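Please read the points in order.

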Amino acid sequence: MVVGDFAIDLDTVVVGAGPGGYVAAIHAAELGQKVTVIEREYIGGVCLNVGCIPSKALIEAAHHYQHAMDSQEMGLQVTAAKLDFDKTIEWKNNVVARLTGGVASLFKKHKIDVIWGNAYLKDSHSLRVISDDDKAQTYTFNNLIIATGSHPIEIPNFKFEGRVLDSTGALNLTEVPKELVVVGGGYIGSELASAYANLGSHVTILEGGDMILANYEKDLVKVVEHHFSEQGVDIYTNAIAKNAEQTDKDVTVTFEVDGEEKKITADYVIVSVGRRPNTSNMGLEQAGVSVDERGLIPVDAQSRSNIPNIYAIGDVTKGYALAHKASYEGKVSAEAISGKPTVIDYHAMPAVCYTDTSIATTGLTLAEAKEKGFDAKKAQFPFAANGRAISMGETDGFIRLVFEKETGVLLGAQMVGSNASDLISELTLAIECGSTVEDIALTIHPHPSLSEAVMDTADVAIGFPTNI
């Protein structure tokens with residue numbers, strides 16, 4: 001390590017190149033700032049490299065494989081469907097490489113410098129970066145954006161090694177497990193369970209709470225649970241995972257349900273019980289940056305911490321740990337540094353779980369709306385009554401709108417079914433624009449399309465349920 005090195009002056013520094021950091025860096029550069037990114041692993045962060053993107057690529061491949069195996073109802077009998085998992089992994093990796101390469105090209109376009117290593121704050125205007133070869137360099141900065149993301153939680157007796165995997169390890173398997181145990185039935189665990197079940201694994205989910213996907217309403221989750229049942233997935237709720245014992249061939253998980261101890265032997269176990277912010281061991285205290293009991297950095301409406309020139313975005317702040325939330329906050333922080341009167345002011349934050357029958361939500365649920373004092377109602381429409389869904393053979397699920405009774409202003413939406421991740425955007429925009437359910441009902445939607453179900457749900461809301 002170098003002692004007494006001369007500091008190099010920088011303007012705007014972004015620590016972390018994930019979907020929050022790289023968006024913040026690019027937007028800051030667009031606004032005329034000279035930007036430097038400090039990254040310790042890879043451009044694109046967890047999301048592009050070992051999270052959102054590779055998981056969705058694997059989910060999509062698994063979905064196509066399952067359709068090839070099970071399309072007899074449409075008259076398609078595929079007798080020689082074969083999974084070449086090596087090819088699947090190669091394709092997944094190519095998807096990742098294409099996107100991360102794209103971000104690197106954008107950095108070059110906007111003249112954004114990248115420094116590789118770990119950043120440690122010395123005070124509110126300087127930091128040191130230590131590289132893998134233990135070389136160190138001090139830098140001063142005018143403004144700093146902390147976008148360091150989060151890491152998987154490791155639970156007792158389930159150390160991430162060998163056949164005990166975190167989500168990153170689960171996405172880097174070189175074989176499809178015959179038997180797979182997933183500890184944690186949140187959105188990451190459920191997505192991986194769905195993908196590997198479609199690829200041919202027998203999956204067992206161990207969830208500590210009384211239901212999987214606890215952040216979503218029960219009637220939405222019920223549709224996913226039904227699909228899991230059709231996939232042969234076993235779900236244990238109120239299950240306490242106690243330990244994992246490995247051999248060179250398998251891993252045996254001991255867990256407890258209703259006071260009874262059980263064991264499952266599997267090829268691998270994936271532990272996905274949540275994530276913690278990456279805010280420790282980076283010198284925040286030396287810079288005077290406040291951190292709460294959960295390791296999160298409190299920020300104001302411009303993503304500014306208690307130190308005026310230090311900002312924090314994404315998983316290191318309160319709220320949803322979602323890539324698109326981090327990107328949104330990245331833009332806000334970049335504009336705040338440029339002196340623009342921008343603030344975090346969204347009314348709706350979409351959230352999606354990419355299980356084979358996916359869930360998407362935005363805005364308020366009916367219960368949340370009533371808790372906030374709204375005189376709210378709901379309207380619902382099934383995909384089973386949508387022509388496009390019927391022609392696709394994807395009739396499970398429904399769309400629900402939550403709206404103010406007197407004015408019809410849309411407050412929230414929830415849906416479960418095919419392409420929910422794409423359909424939710426229209427309703428997020430409607431909430432942000434203050435639209436009413438009548439506005440949606442009077443908006444012409446293409447026929448036949450899944451989006452028509454949005455219009456049909458609005459028809460139900462205004463009292464003219466044309467198609468049911």
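**Notes on a predicted model**

1. T204 is buried, at 3% relative accessible area (buried means under 20%, exposed over 50% and partly exposed in between, with a 1.4 Å probe and protein chains only). T204 belongs to strand 12, residues 202–206 (strands are DSSP runs of E of at least two residues, helices runs of H or I of at least four, numbered from the N terminus). Beyond its neighbours within four places in sequence, T204 touches L180, V181, V182, D234, Y236 and I264 (contact means heavy atoms within 4.5 Å).

2. The model is predicted: local features need pLDDT of at least 70 and side-chain atom pairs pLDDT 80 or more, while totals for chains, interfaces and linings use all residues. Residues are numbered from 1 along each chain as its sequence is written, and side-chain values use heavy atoms, without hydrogens and water.

3. An open sheet of five strands has the order 4-3-2-8-19, with parallel pairing (two strands pair if DSSP finds at least two bridges between them). Its edges are strand 4 (113–116) and strand 19 (310–312), each of which pairs on one side only.

4. Strand 3 is largely enclosed by the rest of the structure, because five of its five residues are buried. V35, V37 and E39 lie on one side, and T36 and I38 on the other. Four bridges link strand 3 to strand 2, where T12 stands opposite V35. Four bridges also join strand 3 to strand 4, with V37 opposite V114.

5. Strand 8 (residues 143–146) runs parallel to strand 19 and is joined to it by three bridges; I145 has Y311 as its bridge partner.
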